[in-house]
Amino acid sequence: MTARTDKIDELAQRAAESDAGVSLAAAAWRRLRRNPVFLVGAGIVVLFVVLAILSPLLAAHDPADPMLGDQVVRARNEIPPPQPGHPLGGDQVGRDLLSRLLVGAQQTLLVGVLATLIGLAGGLVLGTLAGALSGWVDTVVMRAVDVMLSIPGLLLAVSIGALFAQPNQYTVILAVAIVQIPVFARLLRGSMLAQRHSDHVLAARALGVRQRAIVFRHMLPNSLGPVIVQATLVLAIAIIEAAGLSFLGLGNPDDRLPEWGQMLGQAQNVIDSHPQLAFWPAGCIIVVALGFTLVGESLREALDPKSRR
Amino acid sequence: MLRYTVRRLLQLVFVVLALSLLLFAWLRSLPGGPVSALLGERITPESRARLTAELGLDQPIFVQYFKFLGRAASGDFGVSTGVQPGDSAAAIFVQRFPATLELSVLAIVIAIAVGIPLGYLAARRRGGLLDNLSVVGSLIGVAVPVFFLAFVLKQVFAVELGWFPTTGRQEGGLDATRVTGFFVLDGLITREFDAAWDAVKHLILPAIALSSIPFSVIVRITRASVLDVLDEDFVRTAESKGLTTQVITRRHVLRNSMLPVVTTIGLQTGALLAGAVLTEKVFAFPGIGQALAIGFERRDYPVLLLLILSAAGVFVLVNLAVDLSYAVIDPRIRTGSGGGR
């Protein structure tokens, strides 16, 4: 065809692709669908979530059963090598490594998701209070948040973790979650403050909409974008920090239901002779954290109005 | 500017005081406690009661707190019960702080010296191989647990290849002269260059491990910020005026894109101590981080309290320095009162 019709076709196609009249979420989704970074990240996340959900079916052996224990000779520093039925071999007490990794996926994601949800819930309450009420509530909440933010994250998590007499799964989750509360609170307050004088809030106020409705129907939904992005990134941070707690001896000592950070922490004593015991859980942590980070970063890009082209 | 600085410093005092109260209450409620940690297996009810009274732990908590504040004002933060039993917490801080400072400075220097040029080049050649590599690398960099990276570095470069020492700050046999407590600096001052070089070799691997997160973040922020600035009209104007790339880079692009980068460097520097807890433990590096790790294990309240407080103090001070540096980098920003508003 002629160059002219080509150009018209191209224009028509561009018009069809443009974001005019499309909501932010729909436009973001359209950009995401074509973003390879998002696709890779989402692929990783979906794969591990499926593995985690199906792990009771996929794990061939009981993760707590030292079935290969007779092959462990501590004096000669021997652990069971890969063998039929146990493709990755056993761990330092003879439990099937692959089954532990699979069950570990479930436990690790559970820690990440619960910690993020608790942090998010706490941050939503504090941030909404501060952003909606302002005045002395705002001052008190934000001062408290500033004090918490003045300790580096992991250090705060470790301090909280050390509070509990017997560390267990839930103290780890709590320690990691509390650290995230001020981050979410700050984020939410900032984005609600920015809206307080925006046109849609003024319009709602002029129409006589009650304060509570303005906060929950107008300001809060419009502030959620950055919060969702942050939550995705926190999922990665939570998993890594839980591993850090385990490494410092503040993790869950009950290893019948393994978690990757805990496996990595326990492997540190034998890492010189058997690095594979550390490499497998560490590799899983890195890949899953990378997956969540990729999703978070591409979400951030997609939701940012500046990056619309 | 002065008024703003003073106000921020007053806020710092408030933060540290509030934190000291919180930490004090917290650490006192830790289970186990220093008494069990000190006495260990040989504990009897009588010895427990005697030591509790000796340490003043039998008094009401607010009495303990005000006594602590009074002593702290004169620099007495109590005696270590676990990290280096018998030494004063303040002495432990003074002795270990230079080690962590050396480590942190080297880590942040590595992160800046490699991160900013890499982020800049990546932005300049957007979509190229270097760009993609640096983006992927910076994403992986934050996903790797710091202590695992430290393990791998130690295993490969210290144990297998033997290029670097595995643990510590300096070989004991060197018998280096101590002047400032900064081992590298000491070696240079006293012209014991082998001692200085040995101290540097002990620093390299932990510093690389520690720099992984700030490095990744700096690369990413530099790249994003340079991309933003390259899009600006004034860069196009400068190009159309026929200025050389070098001048445009230095005067227009870099200067304008450094504001978010400086913020990031500040935040990351303040947060280094958290990574140092993990890194120093792996390399048995006798700094603040290792003391914190041991302190948590052995419930050493006086040491923990002083170290966490000083970590928070440093964090807040670094952030203040960052805020003040904005005015230098970007003259449009007026700090605090005054100005045209």
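A surface patch here is built from residues with over 30% relative accessible area and no salt bridge, where like charges are joined within 9 Å and nonpolar side chains (Val, Leu, Ile, Met, Phe, Trp, Tyr) within 5 Å. A salt bridge is a side-chain nitrogen of Lys or Arg within 4 Å of a carboxyl oxygen of Asp or Glu. Accessible areas come from the Shrake-Rupley method with a 1.4 Å probe, and for residues only the protein chains shown count as cover.

The model is predicted, so local features need pLDDT of at least 70 and side-chain atom pairs count only at pLDDT 80 or more, while totals for chains, interfaces and linings use all residues. Residues are numbered from 1 along each chain as its sequence is written, chains are lettered from A in the order in which they are written, and side-chain values use heavy atoms, without hydrogens and water.

In chain A, a nonpolar surface patch is formed by A:Val46, A:Val49, A:Val50, A:Ile53, A:Leu54, A:Leu57 and A:Leu58, with about 620 Å² of accessible area together. A:Leu58 belongs to helix 3 (residues 36-58) of chain A; helices (H or I, at least four residues) and strands (E, at least two) are DSSP runs numbered from the N terminus. A:Leu58 is partly exposed, at a relative accessible area of 42%, where buried means under 20%, exposed over 50% and partly exposed in between (1.4 Å probe, protein chains only).

Helix 6 (residues 153-161) of chain A is mostly covered, with eight of its nine residues buried. Among them are A:Leu154, A:Val158 and A:Gly161.

The structure holds one cavity of 30 Å³ or more. A cavity is a set of points on a 1 Å grid over the protein atoms alone where a 1.4 Å probe fits but cannot get out, and lining residues have an atom within 4 Å of a point. The largest cavity has about 70 Å³ of space, a volume being the space filled by probe spheres set on the points, which are joined across faces, edges and corners. Its lining includes A:Asp91, A:Arg95, A:Met263 and A:Gln266. Helix 4 (97-133) and helix 10 (260-267) of chain A are the elements that give two or more residues to this lining, and helix 10 gives the most, with three.

Chain B has 13 helices and zero strands. Of its 341 residues, 48% count as buried. B:Ser88 lies in the loop between helix 4 (61-73) and helix 5 (89-124) of chain B and is partly exposed, at 30% relative accessible area. The C-alpha atoms of B:Ser88 and B:Asp76 are separated by 7.8 Å, with the two residues 12 apart along the chain.

Terms used:
On a 1 Å grid over the protein atoms alone, a cavity is a set of points where a 1.4 Å probe fits but cannot get out, and a pocket is an open set with protein on both sides within 12 Å along at least five of seven lines; lining residues have an atom within 4 Å of a point.
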